[in-house]
Amino acid sequence: QNDHTTVVHSILKNKETHVNKLRKLFSNLGDGTSEAITFATFEEKISSPEVQAYFEVLGLDVDDAWSFFKLLDLDDGGDVEIEEFLMGCLRLRGTARAIDVGKIIHDQTWLIKNQGKFQTWVEVELRQIQDQISIVTGIAPPNLNLSE
């Protein structure tokens, strides 16, 4: 019990230290006048050796500034606020875990399956619309095979 408590306290202290470092990094990335970071500001500051070193110490690989920024900008607002930055950096640090990869595979499988169902539904609906237009106009619909 006592060892477990010590471990939990150590993890919380480590996380608090990490969050404080992220707050400092966020202020270094900002322009000093705004509560958020735009991509232009992020791209300008990301090439600084000091900022690169900070990201490296935090366990964040930022080779592709645009992709990293988009992963942080969860609301697609075009800028990253402090909360998005903190949560995004905490989520993205380190290497992918098996559960992360498993979730991606699960989500991708679900998307592929449902995209197929949606495509079939659209094809049926389109065929019905073509048939109805043909009845109204008296012109036979073109023979389109949409599944090719």
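Select Phe 39, Phe 42, Trp 66, Phe 68 and Phe 69: ring pairs link these residues into a cluster. Rings of Phe, Tyr and Trp (its six-membered ring) pair if their centres lie within 6.5 Å; planes under 30 degrees apart count as stacked, over 60 as edge-to-face and the rest as tilted. The structure holds six aromatic pairs.

This is a predicted model: local features need pLDDT of at least 70, side-chain atom pairs count only at pLDDT 80 or more, and totals for chains, interfaces and linings use all residues. Residues are numbered from 1 along each chain as its sequence is written, and side-chain values use heavy atoms, with hydrogens and water left out.

**Stop 1: one ring pair**

Keep Phe 39 and Phe 69 on screen. Their ring centres are 5.5 Å apart and their planes stand at 65°, so the pair is edge-to-face. Phe 39 lies in helix 2 (residues 39-46) and Phe 69 in helix 4 (residues 65-72), so the pair ties together parts that are 30 residues apart in sequence. Helices (H or I, at least four residues) and strands (E, at least two) are DSSP runs, numbered from the N terminus.

Buried means under 20% relative accessible area, exposed over 50%, partly exposed in between (1.4 Å probe, protein chains only).

**Stop 2: helix 2 on helix 4**

Helix 2 and helix 4 pack at about 130°, with their axes 10 Å apart. Axes are lines fitted to C-alpha atoms, for helices over the stretch in contact, and angles run from 0 to 180 degrees between N-to-C directions. Helix 2 and helix 4 are therefore oblique to each other. Angles under 35 degrees count as roughly parallel, over 145 as roughly antiparallel, 65 to 115 as roughly perpendicular and the rest as oblique.

Colour the contact (heavy atoms within 4.5 Å). Helix 2 brings Phe 39, Phe 42 and Ile 46; helix 4 brings Ala 65, Trp 66, Phe 68 and Phe 69. By class, these residues are seven nonpolar, no polar and no charged. Ala, Val, Leu, Ile, Met, Phe, Trp, Tyr, Cys and Pro count as nonpolar, Asp, Glu, Lys and Arg as charged, and the others, Gly among them, as polar.

**Stop 3: helix 2 on helix 3**

Phe 42, Lys 45 and Ile 46 of helix 2 meet Val 51, Gln 52 and Phe 55 of helix 3. This contact has four nonpolar residues, one polar and one charged.

**Stop 4: helix 4 on helix 5**

Next, select residues 82-92, helix 5. The axes of helix 4 and helix 5 come within 9 Å and cross at roughly 115°. That makes helix 4 roughly perpendicular to helix 5. From helix 4, Phe 68, Leu 71 and Leu 72 meet Glu 84, Phe 85, Gly 88, Cys 89, Arg 91 and Leu 92 of helix 5. The contact divides into six nonpolar, one polar and two charged residues.

**Stop 5: Asp 76**

Go to the loop between helix 4 and strand 2 (79-81), where Asp 76 lies. Its phi is near 50°, a positive value in a residue other than glycine. Asp 76 is exposed, with a relative accessible area of 57%.

**Last stop: the whole chain**

Zoom out. The protein has six helices and two strands. Along the sequence they follow the pattern α-β-α-α-α-β-α-α. Buried residues make up 22% of the 148 residues.
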